[in-house]
Amino acid sequence: MYRKIFVFLFLASLAGTVFLYGEAIAVWIDEHGTESIVLTAALATLMSLFPIIPYPIIGGILGAIYGSFLGSFITWFGSAMASIIMFVFVRFGYQDWGLTIIGKYDAISKVTMLFERNAFMTIFLTRLIPIVPSIIVNIYSALSRVGFWAYTVASSVGKIPSMILFATVGSTIVNNPADLFYIGLFYGSFMLIVYGCFRLWNRYVVKEKSQPAK
């Protein structure tokens, strides 16, 4: 129980910090972010952990001040680290509760078993779709039996395209706004491909599940 209280208080304190000082942090990143890449990356991680200010805005600011390449890296690093931190703390504090709740309901249990069997690809493809709330994927993965390294790699790699998008949009708005049309066209095409791959993967998973065990 002490472990659960510690995790709750730690995450609550971070959430409270972002809630109270999130706007000030965003302003500091915008005005002084180039003074310390390490501090900026740490603040980006905090802002991604509890995105009271939508993280695409933070990514856009980072892209505007650092440029597409370095801005994309810092944006990705902050988002990837925030997901790993949330996963570790939820698993450390609450996985036993999560597994108990999952085991009580057959429907949730079956979905979770299917998710765990195909965790890497499911997490990876879900991360490619930026409209899927990151915190839901973080917590659900932590409460399941998904391995730490499988989650970390799939989640971090899957975040790369959307983080590049956020930073590139921010950089483009500052340097060449006319290129936003081409960025939108390219990313829209990319998302159609991702959606098609996701549908094919779902069909494969359903087909595999329907086959009788040997």
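I looked for salt bridges (a side-chain nitrogen of Lys or Arg within 4 Å of a carboxyl oxygen of Asp or Glu) and found that the structure holds one. It joins distant parts of the chain, with Asp96 in helix α4 and Lys4 in helix α1, 92 residues apart. The closest N and O atoms of Asp96 and Lys4 are 3.0 Å apart.

Before going on, I noted the ground rules. This is a predicted model, where local features need pLDDT of at least 70, side-chain atom pairs count only at pLDDT 80 or more, and totals for chains, interfaces and linings use all residues. Residues are numbered from 1 along each chain as its sequence is written, and side-chain values use heavy atoms, with hydrogens and water left out.

I checked how covered each partner is. Buried means under 20% relative accessible area, exposed means over 50%, and partly exposed lies in between (1.4 Å probe, protein chains only). Lys4 is buried, at 7% relative accessible area. Asp96 is partly exposed, at 36%.

**Overall fold**

Helices are DSSP runs of H or I with at least four residues, strands are runs of E with at least two, and both are numbered from the N terminus. Of the 214 residues in the protein, 40% are buried.

Next I looked at contacts, meaning heavy atoms within 4.5 Å. Taking contacts between residues at least 6 apart in sequence, 79% join residues at least 24 apart.

For the surface I used accessible areas from the Shrake-Rupley method with a 1.4 Å probe; for residues, only the protein chains shown count as cover. The protein exposes about 12,200 Å², and carbon and sulfur atoms supply 73% of that.

**Helix α4**

Is α4 straight or kinked? I found a kink of about 75°, centred on Tyr94. The bend at a residue is the angle between axes fitted to the seven residues ending there and the seven starting there.

I then picked out residues along α4. Ala80 is in this helix and is buried, at 5% relative accessible area. Beyond its neighbours within four places in sequence, Ala80 contacts Ser156 and Lys159. The C-alpha atoms of Ala80 and Ser155 are 7.1 Å apart, though 75 residues separate them along the chain.

Ile101 also sits in α4. It is partly exposed, at 48%. Its C-alpha atom is 9.6 Å from that of Leu143, 42 residues away along the chain.

**Nonpolar patch**

Which residues form the nonpolar patch on the surface? I listed Met1, Tyr2, Ile5, Phe8, Leu9 and Trp97, with about 780 Å² of accessible area together. Patches take residues with over 30% relative accessible area and no salt bridge; like charges are joined within 9 Å, and nonpolar side chains (Val, Leu, Ile, Met, Phe, Trp, Tyr) within 5 Å. Helix α1 (residues 2-32) gives the most, with four residues. Trp97 comes from α4 and is partly exposed, at 45%.
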